[in-house]
Amino acid sequence: MASITQPFVRVIRAGLRRYRQRNEIREEKEKLARYNEAVGTRISWREICRARRAVGSRVDEFFYFEFYAKSDAERDAYLTLARQDVIAKRVGDILWPLTIPGSKVLFDSLFGEFLHRRWCNPSGCTAEEFVRFAASLGEMLVKPADMFQGIGIYKYRYESEEAALELYHQLRGRGALVEEILPQHPQMAKLNPHVLNTVRVATYTDADDVHILAAAMRTNARADKCTDNMHGEGDGLACLLDPQTGKVAGYTYNNRMKRFETHPLTGIPFMGFQVPLWDEALDMVREAARKAYGYNCHWIGWDVAITPDGPALIEANWRPGTELPQAGGPGIYRQLLELSKKI
C-alpha cells in the first residue's frame, strides 16, 4: 500500500511547492511595485532576480540596503536572510520555533534575571492566581508566545474580576503570556512617551567572546500603538546606532522607505540622539548572550528597553530581520561569516 501511495504524495508535495513559489513571486512583485513608487526607481524584476542569485536578496532587502545604488561588490557586503539561514545552520542554531528565542514563555522562564518586570503564564497558573496578578498590575501587555514583529500584542486594563477571568480562559492553553508594562528612561520617552522605545543589539557568541556586530533603535510614529515594530501591526520607525556609543548614526526610516529627520510626533531630532545607559545595556546583552550560548544559540538580535533603573531585556530573536542592523550603514555579512568559523 505504501509503495502505491508514495508517488501520489510526491506529486501533491511538488504541487504545493509550486503553489507556494508562485504566491511568493506574486507577493515579491507587488512589493517591487510599491517600493519603486515610494523611492522613485524603475528596478525591473530581472534585476531583483539577479540580486537574489548573487546574494540571496529579497525585494525589501534590495531597497533597505539601497542595492539600486550599489555595485555588485558593495552588495556582497550585506547579510540577507538567505545568507543568515546558511550561517545559522552551519553553527548549529536550530529552527526558531524550537529555540529559546522562539518562545516568549520559555525565554522569560530562563532569562528572568534580565527582564526586570513581572510576568505570568496563563497556561501555568490557576484562575485565582491570574486574577490576582492582573489586579495587582492594573494594566499589562498580552503577548502571543510564538509570534513576531509585534503581531498580536495589546494592552489590557484590569476592570473587574469577571473580565479578568474571561481573559484567563481566552489565553489558557493558547500559548500566550502577560507582562508588566515597563517604565522607560526619561531620555527615551522624549521620542514617543506613548510607546516603549527599544534598541536592537546583534551579537554573535563563540566559546571565548560575545561579539557585538551592530545596533539599532526603534520607535513608533503614532501615539495609539503599544509596540515599536517596523513591520507587522505597528507603524514603526528605525535607525542605525553606533554600537560603540549608542548614538544614532544613520537615517531614520519606516517600512515605506520614507525618511525622517525628526520624530513626527514629538519633533525630537534623530541624528545624534543618545541612548542612555548604553554601556550598562551592552554589559547586560553580553551576559545574556553568554547564557544563551549554553543553550546552543550563537547569532541573536536582542531587544532591549532602557528603564529609569537600567536596561531590561524584552526578547531575543533567533532569525532577526536583516534591515535593522544594516539599513543606512555598512553590511555585516563578511564579519559574521568570519566569526561563524568559530563556535
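I looked up R286 and found that it forms a salt bridge with D283, the closest N and O atoms being 3.3 Å apart. I took a salt bridge to be a side-chain nitrogen of Lys or Arg within 4 Å of a carboxyl oxygen of Asp or Glu. The model is predicted, so I noted its limits: local features need pLDDT of at least 70, side-chain atom pairs count only at pLDDT 80 or more, and totals for chains, interfaces and linings use all residues. Residues are numbered from 1 along each chain as its sequence is written, and side-chain values use heavy atoms, with hydrogens and water left out.

R286 and D283 both lie in helix 10, three residues apart, which is about one turn of the helix. Helices (H or I, at least four residues) and strands (E, at least two) are DSSP runs, numbered from the N terminus. R286 is partly exposed, at 35% relative accessible area, and D283 is partly exposed too, at 46%. My cut-offs were under 20% relative accessible area for buried, over 50% for exposed, and partly exposed in between (1.4 Å probe, protein chains only).

Next I turned to the other salt bridges. The structure holds 28 of them. One joins the side chains of R259 and E66, at 2.5 Å from N to O. This pair links distant parts of the chain, with R259 in strand 9 and E66 in the loop between helix 3 and helix 4, 193 residues apart.

Are D303 and R200 buried or exposed? Both are buried. They form a salt bridge with their closest N and O atoms 2.5 Å apart. D303 is in strand 10 and R200 in strand 5, 103 residues apart. I also noted a network of salt bridges that links E24, E28, K31, R52, R58, D60 and E61.

Then I checked helix 2, residues 45–55, where E47, I48, A51 and V55 are buried. Seen down the helix axis, the buried residues fall within an arc of 105°, so they line one face. The arc is that of the directions from the helix axis to the C-beta atoms. R46 and R53, on the other side of helix 2, are exposed. Just after the helix, G56 takes a positive phi of about 75°.

Last, I looked at the nonpolar cores, each a set of buried Ala, Val, Leu, Ile, Met, Phe, Trp, Tyr and Cys residues joined through side-chain atoms within 4.5 Å. The largest has 36 residues, and W278 and W302 are among those that touch the most other members. Helix 10 gives the most to this core, with eight residues. A second, separate core has 21 residues, including V55.
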